[in-house]
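This report describes selected local features of a protein model. The sequence and structure are shown first, followed by short sections on each topic.

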Amino acid sequence: MVSEIKKVSGRGIILLGDDIDTDRIIPARYLKAITFDGLGEGVFIDDRKVLKGEHPFDQPQYQGANVLIVNRNFGCGSSREHAPQAIAKWGIQALIGESFAEIFFGNCVAMGIPCVTADAATVKKLQELVAANPQAPVTVNLETLAVQVGDYTTKVSMSEGSRSTFISGTWDACGQLVANADQVRSTAAQLPYMSWA
């Protein structure tokens, strides 16, 4: 199936700090958008303005990176879907962190963005490796639950339910409906209330 996500490979970008909330990821003023288009430009916009080019999302060595390495309780705060959408529109396809806020994690799963976890020491090691060599290849392997940065490989965690939905492709609810359109129509035809006027 097209929606299967077994591995994400590319380069890493690090974002240090615990409890980075969804308002920092994408400020509330961006929630007026009718579509998610253009949200990538607004990701971490307030932090980026304060840091004047020193924010990781502005630094040249991280441009084109697609694996974000964060710390504890990333995505806490309000439950806005715009936060993972903004991260994805910037180019992030997977996240590695110590922990993720539950609703943020669920929104990422619904979008096909795997979020794997590791202990604080492991996350720090991964962040240090990427900081030392931003061009190092990074791979998040959901089949083996391992992350590789350059020559360093470590185990990571993800609940079996979430992991299996990525590997099987069933995370994509809309894709499942489209792929099974004939069955949906057949079931709908058998429902007595579908013909009520």
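## Strand pairing

Strand β6 (residues 146–149) is joined to β5 by four bridges, and the two run antiparallel. Strands count as paired if DSSP finds at least two bridges between them; helices (H or I, at least four residues) and strands (E, at least two) are DSSP runs numbered from the N terminus. Within this pair, Val 138 stands opposite Val 149 in β6. The hairpin of β5 and β6 has four residues between the strands, and Leu 145 there takes a positive phi near 50 degrees.

Strand β5 (residues 137–141) is also antiparallel to strand β1 (residues 7–14), to which five bridges connect it. Here Asn 141 in β5 has Lys 7 opposite.

## Basis of the model

The model is predicted: local features need pLDDT of at least 70, side-chain atom pairs count only at pLDDT 80 or more, and totals for chains, interfaces and linings use all residues. Residues are numbered from 1 along each chain as its sequence is written, and side-chain values use heavy atoms, with hydrogens and water left out.

## Helix α6

Helix α6 spans residues 120–132 and includes Ala 120.

Ala 120 and Glu 98 are separated by 22 residues in sequence, and their C-alpha atoms are 5.8 Å apart in space.
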